[in-house]
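The following note sets out, point by point, what can be read from the model. Please consult it alongside the sequence and the coordinates.

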Amino acid sequence: MSDLNIDGVSKHFGSVRAVEDVTLSFKSGEMVCFLGPSGCGKTTLLRMIAGLEEPTAGSITLGGKDLTRVPVHERGIGMVFQSFALFPHLSVGENITYAMRIRGASRSDCAARAKELLDMMRLPGVEDRRISQLSGGQRQRVAIARALALSPSVFLLDEPMSALDANLREAMQIELRKLQQELGITTVVVTHDQTEAMTMADQIVVMGRARVLQTGTPMEIYKTPVDRFVAGFIGTSNLLPARMTGADTVETCGVTLRVGTNVDRHKPGDEVLLMTRPEEVFVGHKPTKNSVPGRVTFVRDIGATIEILLDCAGHEVVSVLTPKDWPEVEIGQQVHVDMPEAACSVLAP
Amino acid sequence: MGGLARYLTLVPSSVMIGAFFAVPFALILLTSVSTPDDAQDYIYAFDLQHFERFATWFYIERALFSAGLCALIAVLSLLIAFPFTYMLTGFGPRAQNTWLIYILAQLSLSEVLIAFSWQILLSRTAGLANILVWFGLAEKSFSMAPSAGAVLAALVYLAVPFSVLLLFPALSRLDKSLIEAARTLGGSPLRTFFTVVIPVTRPAIISSGVTIFVLTLGAIIVPQVLGRPQHWTLSVLITDQAIFNFNMPFASALAVVLLVLSASVIFAVTKLTGGNKS
């Protein structure tokens, strides 16, 4: 087993607190994404797992073994760097087998492993090329192959897609996820791209201001973000200022709505934000049991989906609909925005 | 059109190189093949007698000694400067600047000053030997100069700041993630140093080695002040011939030999090490 546990880990650089009291636990074989804006401490946390930074406090254990004071080269991790960090003086094959050669593996074992890994990465026959002869996407595959050469128990990737162009990025996200599932290797990816995290992760760790803000599956985080920051970071959201009027009711835009999610954290009288996701709210001409009045300000029809922008008591609400739910509205019309109970959640303002 | 403009921009520098490098070199070349004359010192001709005089064991041995000494100095100064510069690049920017300013300041010391300082440092009365006496490692103080070791030490001292400044750009540009990658792949710090840091910065190591070699080949004061005549390099002999024996043709011939020697070393090194670049 290679469960990864991070217990009360902090990292201070002088007076700068890069990571503050982080406790996380991942099951063996999981793919975890550290998601957050730049400077939130996610890379520092990854580097502490790798052993490239030493925690100021706390401990990191892998499969029950305390790694906190184990030097980098004895940890047996595989890491892909943002710049890929391929050795320019070695060929592709020599890069991939660097770790094996350090451990004194035979020439034939190295050649066989390099071939196997390059086949797995769908880059056959490039063993003898120089790194400078490879494209960005090929370099990334070689960097992944190199990190996996010794079948490490933990696979770490620091912003692996940032050096790739947009098209390649999406294809690689899917490919990396498939590879990870195939190998069943505990994987941690650092990213600031929410789509990337949503595509690949079993667990997303949202970080901000050196702390962990929320941990959960992509859907949990998308549906029930803990605060405004997380809601804004994952997907787009409609936020309406509201006040709790009952155990599961709020008052907003002059109407009372029932709220299905997150209510137990707030008590009647609290000022809150009512959050909905654009694809979960609908537009109609008649009020429903959970709707707010609004005025259509813009309609954008892009074929597969139709986006309706609405003004609800001075706040912007977006509704993204499929053509079958199209309510036939025009700009300037007074309508009702249906917010089903389950789609409504409340956040601290 | 663009091509012509490019050539025009080369004109000032070409004139400079021509006036201050090609013309003096042509004069040296002409003088080296001149012939002695009764009315004046020498007249221009094509006479190889000065080169024939060089082709005796005494001068060939001097040339080989010079090349060997300078190669040794290049190697020693790199052995000192490389680890130092590598550690320097790990310091903060303020510490780096302080060190670089200090090292640059070293370059303002003339060879003469360094030679005489080392002479004091290695002398019997005020030198390092007294420290050995204090520690009981020597019976009584002794003079360490003149000797081959003294020449070597002072020239290495002279060459180290140059090596540091030549290595610094390459080492400070070295992608630190390469080192980290090697570490995550199981390389100990020492192993990483030898399998990644040195190979990646090899071009800079070679070029600074060659530069130090050529630089110390031209040193004339240190070998005279700190060495015995058997430690004199070709450059000292050139000075000797030109200034004390007034034999400009032979001095020129020796200078041509020295130039051919350093040019062939540069050529050989670039040829040997440029082969497996991509």
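**Notes on the two-chain model**

1. In chain A, an open sheet is built from four strands in the order β2-β1-β4-β5, with antiparallel pairing. (Helices, H or I of at least four residues, and strands, E of at least two, are DSSP runs numbered from the N terminus; two strands pair if DSSP finds at least two bridges between them.) At the edges are β2 (16-26) and β5 (65-66) of chain A, each of which pairs on one side only. Strand β1 (residues 4-13) of chain A joins β2(A) in the antiparallel sense over seven bridges, and Phe13(A) has Val16(A) in β2(A) as its bridge partner. Helix α1 (residues 42-50) of chain A packs on this sheet and touches β1, β2 and β4 (57-62) of chain A. The direction of helix α1 of chain A makes about 60° with that of β2(A). (Axes are lines fitted to C-alpha atoms, for helices over the stretch in contact, and angles run from 0 to 180 degrees between N-to-C directions; two residues are in contact if their C-beta atoms, placed from the backbone, lie within 7 Å.)

2. On provenance: this is a predicted model, in which local features need pLDDT of at least 70 and side-chain atom pairs count only at pLDDT 80 or more, while totals for chains, interfaces and linings use all residues. Residues are numbered from 1 along each chain as its sequence is written, and chains are lettered from A and ligands numbered from 1 in the order in which they are written.

3. Strand β3 (residues 31-35) of chain A is mostly covered, five of its five residues being buried. (A residue is buried if 20 or more other C-beta atoms lie within 10 Å of its own, exposed if 12 or fewer, and partly exposed in between, with C-beta atoms placed from the backbone.) In a regular strand the side chains alternate between the two faces of the sheet. For β3(A), Met31(A), Cys33(A) and Leu35(A) lie on one side and Val32(A) and Phe34(A) on the other, and all are buried.

4. The partners of β3(A) deserve attention. Strand β8 (residues 186-191) of chain A pairs with β3(A) in the parallel sense over five bridges, and strand β9 (residues 203-208) of chain A pairs with β3(A), also in the parallel sense, over four bridges. Leu35(A) has Thr191(A) as its bridge partner in β8(A) and stands opposite Val206(A) in β9(A).

5. How is chain A divided into domains? The assignment, which is automatic or taken from a database, gives domain 1 (4-228) and domain 2 (237-347). The centres of domain 1 of chain A and domain 2 of chain A, taken over C-alpha atoms, are 39 Å apart. Five residues of domain 1 of chain A are in contact with six residues of domain 2 of chain A. On the side of domain 1 of chain A that touches domain 2 of chain A, the residues divide into one nonpolar, one polar and three charged. (Ala, Val, Leu, Ile, Met, Phe, Trp, Tyr, Cys and Pro count as nonpolar, Asp, Glu, Lys and Arg as charged, and the others, Gly among them, as polar.)

6. A further open sheet in chain A has five strands with antiparallel pairing, in the order β13-β12-β11-β14-β20. Because β13 (255-258) and β20 (345-347) of chain A stand at the edges with a single partner strand each, one side of each is left without a neighbour in the sheet. The twist averages 45° from one strand to the next. Strand β11 (residues 238-244) of chain A and strand β14 (residues 271-276) of chain A pair in the antiparallel sense over six bridges, with Leu274(A) in β14(A) as the bridge partner of Leu240(A).

7. Chain B has 13 helices and two strands. Its C-alpha trace spans about 75 × 75 × 30 Å along its principal axes, and buried residues make up 30% of the 278 residues in chain B.

8. At the interface, 16 residues of chain B are in contact with 18 residues of chain A. On the side of chain B that touches chain A, α8 (176-184) and α9 (189-200) of chain B are the elements that give two or more residues; α8(B) supplies the largest share, six residues. The residues of this side of chain B divide into six nonpolar, six polar and four charged.

9. Seven of the nine residues of α8(B) are buried. Just after α8(B), Gly186(B) takes a positive phi of about 105°.
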